[in-house]
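Reader: I've got a fold to look over and a handful of things to ask. Could you put it up on screen before we start?

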Amino acid sequence: MSFEELDHTADVLMRVRGATLSEVFADAGQAMFHVMYGPCEDRGIARQITLEAEDLESLLIDYLSELLFITDAENLVFCTFDVDLQGTRLSAVVRGEPFDPARHAGGTLIKGISYFGLEIVKEEDAYVVDIIFDI
């Protein structure tokens with residue numbers, strides 16, 4: 001898990017790093033759910049996600065937005081993210097558990113993901129992206 005929260009005036013800004021793009025996408029999902037729900041356990045609930053977009057940044061937004069939709073519609077919390085990227089096509093299996101108010105209610109509600117400043121950058125030995133979660 002490689003993400004850190006940075007200071008932001010109104011929303012939540014997370015910096016996500018990964019050795020591969022697949023790792024960045026997986027860690028971005030983990031960062032988002034960490035902000036919203038804190039600790040989570042894989043209790044056997046799994047969902048398959050397949051998406052395609054024009055570019056990697058749009059794909060990241062679509063992926064995180066799809067996770068938000070599934071969480072809201074099905075009352076689930078995800079904690080493991082197995083992501084496979086082929087260009088701008090994503091296939092992922094996410095796993096988690098049902099939302100439990102006693103364990104998951106202390107986080108910050110995320111309403112969406114901002115395109116503002118979103119750019120996946122290749123550094124010397126990793127990919128990095130700063131993501132603003134709208135709260």
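Author: One term first: buried means under 20% relative accessible area, with a 1.4 Å probe and protein chains only. Keep in mind that this is a predicted model.

Reader: With that in hand, is His104 buried or exposed, and what is its relative accessible area?
Author: His104 sits in helix 3, residues 101–104. The cut-off for buried is under 20%. His104 falls under that cut-off, so it counts as buried, with a relative accessible area of 1%.

Reader: Which side chain makes a polar contact with the side chain of His104?
Author: Leaving out neighbours within four places in sequence, His104 is in contact with Met36, Tyr37, Pro39, Cys40, Val77, Glu97, Pro98 and Phe99. From that list, the polar side-chain contact, at 3.0 Å, is with Glu97.

Reader: Let's stay with Glu97, then. Which side chain joins Glu97 in a polar contact of 2.3 Å?
Author: Glu97 lies in strand 5 and is buried, with a relative accessible area of 1%. Its contacts beyond four places in sequence include Pro39, Cys40, Arg43, Arg103 and His104. The 2.3 Å polar contact is between the side chains of Glu97 and Arg103.

Reader: And which residue has its backbone nitrogen 3.0 Å from a polar atom of the Glu97 side chain?
Author: Glu41 is among the residues in contact with Glu97, as are Ile45, Leu76 and Val77. The backbone nitrogen 3.0 Å from the Glu97 side chain belongs to Glu41.

Reader: Zooming out, in what order do the elements of the protein chain run?
Author: The chain has three helices and eight strands. Starting at the N terminus, they come as β-β-α-β-α-β-β-α-β-β-β.

Reader: What radius of gyration does the protein chain have, next to what a compact globule would have?
Author: The C-alpha trace spans about 40 × 35 × 25 Å along its principal axes. For 135 residues, a compact globule would have a radius of gyration near 14 Å.

Reader: How much of the contact count in the protein chain comes from residues 24 or more positions apart?
Author: Some context on burial: 45% of the 135 residues count as buried. The accessible surface comes to about 7,000 Å², and carbon and sulfur atoms hold 46% of it. Among contacts with a separation of 6 or more, the share from residues 24 or more positions apart is 66%.

Reader: Which element gives the most residues to the largest nonpolar core?
Author: That core has 42 residues, and Met32, Leu60, Tyr63, Leu64, Leu67 and Ile131 touch the most other members. Elements that each supply at least two residues include strand 2, helix 2, strand 4 and strand 8. The top contributor, with 11 residues, is helix 1.

Reader: How many residues of helix 1 are buried?
Author: Helix 1 reaches 24 Å from its first C-alpha to its last, close to the 24 Å expected at 1.5 Å a residue. Gly38 follows helix 1, with a positive phi near 75°. Helix 1 is largely enclosed by the rest of the structure, because its buried residues number 14 of the 17.

Reader: What about helix 2: how far apart are its end C-alpha atoms?
Author: At the start of helix 2, a side-chain oxygen of Asp55 comes to within 3.2 Å of the backbone nitrogen of Glu57, and helix 2 is followed by Asn75, whose positive phi is near 60°. With 19 residues at 1.5 Å each, helix 2 should span 27 Å. The end C-alpha atoms agree with that, at 27 Å.

Reader: Which elements do the buried residues of helix 2 pack against?
Author: The buried residues of helix 2 include Leu60, Tyr63, Leu64, Leu67 and Leu68. Met32 touches Leu64, Leu67 and Leu68, among others. The elements packed against are helix 1, strand 3, strand 4, strand 5, strand 6 and strand 8.

Reader: One last thing: how far apart in space are Ile110 and Ile135, C-alpha to C-alpha?
Author: Ile110 is in the loop between helix 3 and strand 6, and at 5% relative accessibility it counts as buried. Its contacts beyond four places in sequence include Met32, Leu68, Phe133 and Ile135. Ile110 and Ile135 are 25 residues apart in sequence, yet their C-alpha distance is 4.6 Å.

Notes: Residues numbered from 1 in each chain as written. Predicted model: local features only at pLDDT ≥ 70, side-chain atom pairs only at ≥ 80, totals over all residues. Heavy atoms only, no water. Core = buried A, V, L, I, M, F, W, Y, C linked by side-chain atoms within 4.5 Å. Buried < 20%, exposed > 50% of the residue type's maximum accessible area, 1.4 Å probe, protein only. Helix = DSSP H or I, 4+ residues; strand = E, 2+ residues; numbered from the N terminus. Contact = heavy atoms within 4.5 Å. Expected span 1.5 Å × (residues − 1). Polar contact = N/O pair within 3.5 Å; in protein donor to acceptor, adjacent residues only side chain to side chain. Rg over C-alpha atoms; globule rule 2.2 N^0.38 Å. Areas by Shrake-Rupley, 256 points an atom, 1.4 Å probe, with all protein chains shown as cover.
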